[in-house]
Amino acid sequence: MARLPLIGDVSHVMSDGLEGLDHNFLTARVEDLVKWSRARSCWPATFGLACCALEMMATGAAHYDLARYGMEVFRASPRQADLMIVAGRVSQKMAPILRQIYDQMMEPKWVISMGVCASTGGMFNNYAIVQGVDQVVPVDVYAPGCPPGPETLMHAILTLHDGIQNGELTRRRTASNGGAGIHLQAPDAPDEQPVELGTR
Amino acid sequence: MSDVAEQVTNPMGPGRTDLGPSERVYRRDETSPVLRLSEAEAAVLGGSPDDPPTDDVADQRMILNMGPSHPSTHGVLRLMLEMEGEAILRSKPVIGYLHTGMEKTAEDLTYLQGPTNVTRMDYAAPLFSELAFSLAVEQLLGLEVPTRATWIRMLMCELNRVSSHLLFQATNGMDLGAVSMMIYGWREREEVLRFFEKVTGLRMNHNYIRPGGVAADLPDGWQADVRRLLELIPPRLDEYDTLLTGQPIFRGRLQGVGIITPAEALALSATGPILRSTGYAWDLRRDQPYLAYDEVEFDVIVGTHGDSFDRYAIRQNEIRESLRIVEQILDLMPAGDYRVQDKKVTPPPRARIDESMEALIHHFKIFTEGFHVPQGETYAAVESPRGELGCYLVSDGGPKPYRMHIRGPSFVNLQTLPHLMEGGLIADGVAVISSVDPIMGEVDR
Amino acid sequence: MTGPEAGGVDPEAGAPDDTAGEPVGPSAWGVPVTESFGQVVLHPPVDRWLETVAACRDDGYVMAIDLTAVDYSAHPGRTDLPEGVQPERFEVVASLLSHATGDRVRLRTQVPESDPVVPSLFDLYPGTEAMEREAWDLLGVSFSGHPDHTRILMPEDWEGHPLRRDVAIGRIPVQFRDAPSTR
């Protein structure tokens, strides 16, 4: 199954998906078509948790229309969704469920962290809130705001679409191994120091 | 006080004394509609999927989990349902998926920062939480808020009630299948949020009502904006009536679904539209007036049957009553200060900081350390769109609350859920959750 | 700016006469009464908690609006307790409302740290079920006779009671890093 005429080596498509193609002049057209269609019909999963969920619904409503980007269908089933917009604060009790929903989504999948609570824990730096959903799932775009207005959310979505369309996001996912976990480095220290959360 | 006493002596209306049965809310055993099982016990009860099927009736029962990630549970509410076929026998709402530790955070924030915290509890009607907190702080301080500030608060709160009930109409319609209702409800809500953005700077979570008054005065031309809202929304409400209220499918799905008696609602401490849908007329705006509600005229809407249709109709008409109050406020709004002029509590205007050392010091003290509130404890309650929203505040004389507890109406109203869903189908369960209109931010805090 | 008035102490013998401005009903049950910013506050001891609440209920207080607990271990010292009431670490505070008269009453009982158990109000007011679970979950005050004495807000396997004053807020230090700007 290794070499097809004109398209080239396809033995890595099964494992790497679009990135496994041979990247010649013919596959470039196919890749562009696939990336264009992924960006244009990116269906969000309903993961509205708190106040940001109301702004997310407002973005999907008539005034700030998400349907013009092909995204008005918020799929309740993660199997049918491409994009998880984590809208709201993630509590300790909710974090395993967030990860479970993320794992149930099919590749390729993207995550927008909407609002400051989802991005960094926001104004709630305490025992109950996970300080950033990137502790739990890998995030592609962060949208700041408390709550981010519909325009900010749309800017985040369009940034994501740009990243999907020029291939940047699929490449980043491979590089970071698709996993969560962040490491912070003090400027002078030679070793990496992982962030230690409070003990349970 | 005596007028109020006469009014409220019989909330059920003249001549009516029967509050209905309430025996099932006191039950503790398996006959209670509340399923009191922990996760481990539920797992044991479920048995293994490999067990051979039996004819035992009790074996037909299953425990189904609904949520917390579910399109129809209004946020992160999880329900454990004990079902026989499609009928719900017992249920247990499991909450805590949005617990934010706000009461702990409140002990870490000054009284001026407090509204930013409480406003995010009930995020559909944030101004009410700010109002309850500010009223409690002002009671402890012994502050007298200027009349214009009081009327501005009333205007903003009634418009917030309108936007919250519009949200209810939208989500209620969508949960029952009238998906276009979602678009209509949000369309009207956008207009109200646009006014809020003009006045407070934010569409949601405004941090506008602060101890001492409001953060800023109403902008010029606000009367025109409010008048525009008053002309825009009532015809749209009539559209909703055409779409929903008279429609047989909508009525069939809501009438007779999720019935609760007045005695049960009282025993379960339910307030707001749930209590009023049973025919029990209790509304804090009329019966324990705060702000300036005793100077405006409005009706308290009550239902008759205590079912979900009554709750829908109550909220629909409460929008009309709120707009009626707003129209009166337009004419009656007094001139004056929008914030109490006590220098220890209100920061000075920015221009004064360049001129006066004293103003600079006050500004510095208020924004870094915060103003001190004398020792004491108090409880202040307001009527939010979901029921009685109260703030119990304990102060130790310092700049931060010692203990702040918010009595969230949805937290208490959720206790009615198993009783409303008993005996219904899952589809009825969805209608019932929607009619209770919980906001999980104030349930979990 | 006035502080709370810690006045109006009724003797334990329960004389039904009232001090100025206080209703006769609750004070007739023989528990100390104070007034806090115009609100009537009763201070029953823990062993008289149930009977005092039942008496209020019979007196027309049909609704239990709120039940919560407070941890006073970091408080400089309460000044609004009447004489004869021994301050303890925890206080359980219940607010009741009478619809017929529009009156509210608040009951505060002192709960010692060594034995933080209070009788549950479930049989009088089933609406206190969730409120008592929250007080147990966040502050560690137990309610004897509660039908479902489990955590409600924190995960079931959480250890500790977060709202107690000796538990830290759990803030994690925010580390800033010299991130190169992309613009």
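A few ground rules before you click. This is a predicted model, where local features need pLDDT of at least 70, side-chain atom pairs count only at pLDDT 80 or more, and totals for chains, interfaces and linings use all residues. Residues are numbered from 1 along each chain as its sequence is written, chains are lettered from A and ligands numbered from 1 in the order in which they are written, and side-chain values use heavy atoms, leaving out hydrogens and water.

**Stop 1: chains B and C.** Select both. The contact (heavy atoms within 4.5 Å) draws on 59 residues of chain B and 67 residues of chain C. Together the two chains bury about 5,000 Å², with 53% of it on carbon and sulfur atoms; buried area is the accessible area (1.4 Å probe) that two parts lose on being put together, summed over both.

Now look for polar contacts: 36 residue pairs across this interface qualify, both residues at pLDDT 80 or more. Such a contact is a pair of N or O atoms within 3.5 Å; within protein, one must be able to donate a hydrogen and the other to accept it, and residues adjacent in sequence count only if both atoms are side-chain atoms.

Next, color chain B's side by element. Strand 6 (residues 376-384) of chain B supplies the largest share of the side touching chain C, with five residues. Strands here are DSSP runs (E, at least two residues), and helices are runs of H or I with at least four, numbered from the N terminus.

**Stop 2: salt bridges.** How many salt bridges link chain B and chain C? The count is nine, each being a side-chain nitrogen of Lys or Arg within 4 Å of a carboxyl oxygen of Asp or Glu. Pick C:E134 and B:R445: their closest N and O atoms are 2.7 Å apart. Then try C:D148 and B:K92, at 3.9 Å from N to O. C:D148 lies in the segment after strand 7 (142-144) of chain C and B:K92 in strand 3 (residues 87-94) of chain B, so this pair joins two chains.

**Stop 3: two helices in chain B.** Select helix 5 (residues 126-141) and helix 6 (residues 147-176) of chain B: their axes come within 8 Å and cross at roughly 145°. Axes are lines fitted to C-alpha atoms, for helices over the stretch in contact, and angles run from 0 to 180 degrees between N-to-C directions. Show side chains, among them B:L131 of helix 5 of chain B and B:M156 of helix 6 of chain B, which take part in the contact.

**Stop 4: another pair.** Finish on helix 13 (residues 308-332) and helix 18 (residues 426-436) of chain B, which pack at about 35° with axes 9 Å apart. B:R311 and B:R315 are among the contact residues of helix 13 of chain B, and B:V432 is one of those from helix 18 of chain B.
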